[in-house]
Amino acid sequence: MARPKSDIQPRIVRAAKVRFIHEGVDGASLRQIAREAGTSLGMIYYYYPTKDDLFLAVVEDVYSKLLKDLASALAPDTPVQERLLRLYVRLGQVSESELSVVRLIVREALGSSERLRRLLERFKRGHIPLVIQTLQDGCAQGVIRNDLPLVQLLLATMALGTIPQFVRALAAEHLPFDKAQDPDEFAAGLLGVLFRGVGAAT
């Protein structure tokens, strides 16, 4: 008879997420995480040899689920503009749990070049190729400019889809957002800016 799968790893990741969010990766105590996970320090090192490994496990716990949604949004079953709209809509539906990990990612990436490197390596195997493929499809179909470097298109597309959505979720009460505007309409507005800019027609 097979042994039941242990829940030690998920407990460790859950406890680490709380500590990392409140205290940062470097400030968090692994002993405290072990206590809160109901396990030993040795078990943490068994599963996660370094704190950075544990940090990446915390990120992965949220990112892997989000990535499935992004892959579905960017699936090549509709025109490129519709795919990007679905991407922006999903980013606009970011949950509080996802936002807390976004905050953690930004803080740790800014504070550690090694963590930034490892995060980018993960993203290069995650959402980045999905967005790149969508942009390449758009260039091939003539709906996206093909005279700009791909990295410029990627950064512009992701910055416009993520930063306003995250700011809206994090600080809407402090900024002059239209409280009555539907989140999907907000995403559609961002898509309009992506394709038509903010300059008045001449």
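Biologist: Which hand does the crossing of H6 and H9 have, left or right?

Modeller: This is a predicted model, and in it H6 and H9 cross in the left-handed sense.

Biologist: What makes H6 roughly perpendicular to H9?

Modeller: The two helices, H6 being residues 96-111, pack at an angle of about 110 degrees. Anything from 65 to 115 degrees counts as roughly perpendicular, so H6 gets that label against H9. As for spacing, the axes of H6 and H9 are 11 Å apart.

Biologist: Why give an angle and a distance at all?

Modeller: Because those are the terms used to describe two packed helices: the angle between their axes and the distance between the axes.

Biologist: Which residues of H6 and H9 meet?

Modeller: From H6 you have Leu99, Val102 and Arg103, and they meet Phe166, Ala169 and Leu170 of H9. Sorted by class, that contact has five nonpolar residues, one charged and no polar ones. Arg counts as charged, and Arg103 is on the H6 side.

Biologist: What is Arg122 in contact with, apart from its neighbours within four places in sequence?

Modeller: Glu60, Tyr63 and Leu67.

Biologist: Where does His174 lie?

Modeller: In the loop between helix H9 (150-171) and helix H10 (183-196).

Biologist: Zooming out, how many helices and strands does the chain have?

Modeller: 10 helices and zero strands. Across the whole chain, 41% of the 202 residues are buried.

Biologist: How far does the C-alpha trace span along its principal axes?

Modeller: About 65 × 40 × 35 Å. The accessible surface of the chain is about 11700 Å², and carbon and sulfur atoms hold 58% of that.

Biologist: Of the contacts between residues at least 6 apart in sequence, how many join residues at least 24 apart?

Modeller: 64% of them do.

Terms used
Residues are numbered from 1 along each chain as its sequence is written. This is a predicted model: local features need pLDDT of at least 70, side-chain atom pairs count only at pLDDT 80 or more; totals for chains, interfaces and linings use all residues. Side-chain values use heavy atoms; hydrogens and water are left out. Contact means heavy atoms within 4.5 Å. Helices (H or I, at least four residues) and strands (E, at least two) are DSSP runs, numbered from the N terminus. Axes are lines fitted to C-alpha atoms, for helices over the stretch in contact, and angles run from 0 to 180 degrees between N-to-C directions. Angles under 35 degrees count as roughly parallel, over 145 as roughly antiparallel, 65 to 115 as roughly perpendicular and the rest as oblique. A crossing is left-handed if the near helix is turned anticlockwise from the far one by less than a right angle, and right-handed if clockwise. Buried means under 20% relative accessible area, exposed over 50%, partly exposed in between (1.4 Å probe, protein chains only). Accessible areas come from the Shrake-Rupley method with a 1.4 Å probe; for residues, only the protein chains shown count as cover.
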